[in-house]
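My notes follow in the order I took them.

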Amino acid sequence: MTTISAYAAKSEDGHMSPHDIKRRAPGAQDVQIDIQFCGVCHSDLHAVKNDWGNSNYPLVPGHEIIGEVSAVGSDVKNVNVGDTVGVGCMVDSCQTCAACEEHLEQHCLNGATMTYNSKVKDTAENEESITQGGYSKRIVVDEKFVLKVPQNLDKAAAAPLLCAGITTYSPLHQHGVKEGMTVGVIGLGGLGHMGIKFASAMGAHVVMITTSEEKAEDAKRLGADDVLVTKDKEQMKKWRGKFDFLLNTIPVGHDVNPYLTLLKYNSTMCFVGAIEPLDAVNGAYMIGGRKALAGSLIGGIKETQEMLDFCGEHNVVADIEKIDIQDINDAFERMKNNDVRYRFVIDMQSL
């Protein structure tokens, strides 16, 4: 066991402050990573504030981790000391259930072990028997959950790919987005800006769908071909029935019915942002055109590696603002007020 520096929330007030945690020594299948950058996800803010009612304190968040391998276990085969690697939202799963066998570890039927605030099977990781995340100097992870980062990608800008990236790539990939399709990305934020970049790189005609006309210029800079402002009735009429796929990144409950009218027959709108009740859905909009509503949660390890390789091939990274760890409380406040374009990333050298 090694004591390392970190930043943690100690209570539901969510205030982050310095805190020491313990990491296990690398086992035979483990990879030890010196953390260089860690993205700041909205989930981190929910967790430190106990918004979901399951937070364990002290809590060290962070699941968009980029770092350099500093040690490997004797049985590690595909990772070497000095490699640039990533760790996303999971650090373990049962590896034997039907979901894990389908490379969908995030849906592990026995419960995936998340990168932070998750009970660990091996209580040696830290005193609380709870996983602690990437707002720290170092992490030790089973090789199966370590991802290789293409060398051509900027390390800091690649960090958000481990959550925001795979969250948006997976539904686009699973629903077969490709050249010739018209794809709408609803909401322009940490998730939405990645959705635009991925759909564009996949060759689709990308339309940014927003309530704010002011976001049009930035949406086009990110790769959108068109912008649909939903408050404009004429624009909504123009785009009715034109979309092959809609990626809905709105993070709160809302009325989905106007968006359903935008779908072509036999098409799907997928939710990745709202993890709370939605307003009533008019079944007529779905039945009339055989339309579907779907959801998607991050991605499995295999697909996440495919996403990183895709990003390396197409040079896709997040738009970020780098911060020092000492500024994390201000960053949380700004993120709560949507004052970030489009993802904070902590330079862990500041710790």
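Entry 1. I call a residue buried when its relative accessible area is under 20%, and exposed when that area is over 50%. The model is a predicted one.

Entry 2. I looked up Ile139, which sits in strand 8, residues 138–142. Its relative accessible area is 3%, so I note Ile139 as buried. Leaving out residues up to four places away in sequence, I listed what Ile139 touches: Arg23, Val31, Gln32, Ile33, Ile35, Ile65, Thr115 and Gln132.

Entry 3. I then checked the distance from Ile139 to Leu247. Their C-alpha atoms are separated by 33 Å, and the two residues are 108 apart along the chain.

Entry 4. I found six strands in an open sheet with parallel pairing, and I wrote down the order as 12-11-10-13-14-15. Which strands stand at the edges? They are strand 12 (226–229) and strand 15 (292–295). Each has a single partner strand, so one side of each has no neighbour in the sheet. From one strand to the next, the twist averages 25 degrees.

Entry 5. I looked at one pair within this sheet. Strand 13 (residues 243–248) pairs with strand 14 (residues 263–271) in the parallel sense, and I noted five bridges. Opposite Leu246 I found Met269 of strand 14.

Entry 6. Last, I asked what helix 4 lies across. Helix 4, residues 164–174, lies across strand 10 (182–186), strand 13 and strand 14. I noted an angle of about 155 degrees between helix 4 and strand 13.

Conventions. Residues numbered from 1 in each chain as written. Predicted model: local features only at pLDDT ≥ 70, side-chain atom pairs only at ≥ 80, totals over all residues. Heavy atoms only, no water. Pairing = 2+ DSSP bridges. Helix = DSSP H or I, 4+ residues; strand = E, 2+ residues; numbered from the N terminus. Axes fitted to C-alpha atoms, helices over the stretch in contact; angles between N-to-C directions. Contact = heavy atoms within 4.5 Å. Buried < 20%, exposed > 50% of the residue type's maximum accessible area, 1.4 Å probe, protein only.
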